[in-house]
Amino acid sequence: MILTYKIGHEKDFSRELSLAKKVAEYGVQHKSVSSADVKHFGLKSAISNQILRKYSRSKTAKSVKSVKLTIPSQSIRVVEDKIFIPCLKLSLPIYFPRDFVKINQVEIGEDFAYISVSYTDAPKIPELRTVGVDRNTTHHTIVASCLETGKVLKLGKSLNHIHHKYKNMRRHLQKMGKLRKIKEIRDRESRIVRDINHKTTTALMQFARENDACVVMEDLKDIRKTAKSRRKQRYSLHSWNFYQQQMMIEYKSKKFGVSVHYVAPQYTSQRCSRCGNIEQANRNGNLFQCKKCGIVEDSGANAGFNIAYLYRQGISQFSTDRDMLKGNTDTPKEALL
Ligand SMILES: [Zn+2]
């Protein structure tokens, strides 16, 4: 698995960056891949090489906008807890897990360095059980429900209150004209949210591993489309929060050896996960109450069970279809639970 980490470098590389742009323009025009051709520009050849390789081969790049300084693996040293790039006299702290295989490359922009790191994927755990995940519910950022064991894990208090708190603070500062403070507050909010997302997604992976389970979530695209009508509280959150959470789940799943699957949402919050009834359910705050079978349950957990069930149902549907294609005349069986 390859991950890219972004970190502020706090150095002025405007000279190198403008040289890099010239090299890229040269590459686009002359289709050259030899750094000897652009030596006269004065950019380090290790960097020129990378830029030429990228831009001279690109069929789509007609004009060059902003070019990053690309430093290849062989021009990067790892010394204790730092990454050192001799040709730019730049050192960056390693703030990410140290168990990487290698650093593939570092890209340097005006303010940030983008560090591409390879990690080994963990061997996949068996998918004996199914954990359905309901995200950003009224009270928690993640509610994970294991379909086969009935275990429910509620993680991270809702981000709504954090979001509202900081929104109000920003509005207040806006009125007072304290613009710098607003940025500070915004950064603080995203650090807090990021931290919560890190903790909750790691705990989710541990839960899945403990239960020998795969993780099933609703498809993000669909969630965003239906968010407004389905769940107002979801809509009030930034979509980047969903995105960040999903990215973390995706990459941690590789690290933990957990499989992640997606299902299209289908009445996941309205349906009773015990009896399947849709019509007669009551949502009372955080509780889901089914008038038909009488179940009272955390609404996030109910949605999670439905999500897990949708996935398992889809699999069994698929295998009966396949058997029928093979000429198997057995009566299709109900979804196994
Ligand atoms: Zn019911």
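**Close-up 1. Helix H4 across the strands.** In this predicted model, helix H4 (residues 179–210) lies across strand S8 (129–135), strand S9 (140–146), S10 and S11. H4 runs at about 170° to S10; axes here are lines fitted to C-alpha atoms (for helices over the stretch in contact), and angles run from 0 to 180 degrees between N-to-C directions. Helices (H or I, at least four residues) and strands (E, at least two) are DSSP runs, numbered from the N terminus. As for residues, they're numbered from 1 along each chain as its sequence is written. Since this is a predicted model, local features need pLDDT of at least 70 and side-chain atom pairs count only at pLDDT 80 or more, while totals for chains, interfaces and linings use all residues.

**Close-up 2. The five-stranded open sheet.** The strand order is S10-S9-S8-S11-S12, with mixed pairing; two strands pair if DSSP finds at least two bridges between them. Strands S10 (152–157) and S12 (260–263) sit at the edges with a single partner strand each, so one side of each has no neighbour in the sheet. From one strand to the next, the twist averages 25°.

**Close-up 3. The S11 and S12 pair.** Strand S11 (residues 213–218) pairs with S12 in the parallel sense, over four bridges. Look for Glu218, which stands opposite Val263 in S12.

**Close-up 4. Helix H1 against helix H2.** H1 (residues 14–30) and H2 (residues 45–57) pack at an angle of about 40°, and their axes are 8 Å apart. That makes the two helices oblique to each other (under 35 degrees would be roughly parallel, over 145 roughly antiparallel, 65 to 115 roughly perpendicular, and the rest is oblique). Their crossing is right-handed, the near helix being turned clockwise from the far one by less than a right angle. On the H1 side, the contact uses Ala20, Val23, Ala24, Gly27 and Val28; H2 brings Ile47, Ser48, Ile51, Leu52, Tyr55 and Ser56. Contact means C-beta atoms, placed from the backbone, within 7 Å. By class, that's eight nonpolar, three polar and no charged residues (Ala, Val, Leu, Ile, Met, Phe, Trp, Tyr, Cys and Pro count as nonpolar, Asp, Glu, Lys and Arg as charged, and the others, Gly among them, as polar).

**Close-up 5. Strand S1 and its partner S7.** S1 pairs with strand S7 (residues 112–118) in the antiparallel sense over seven bridges. Ile2 stands opposite Ser118 in S7.

Technical notes
Contact = placed C-beta atoms within 7 Å.
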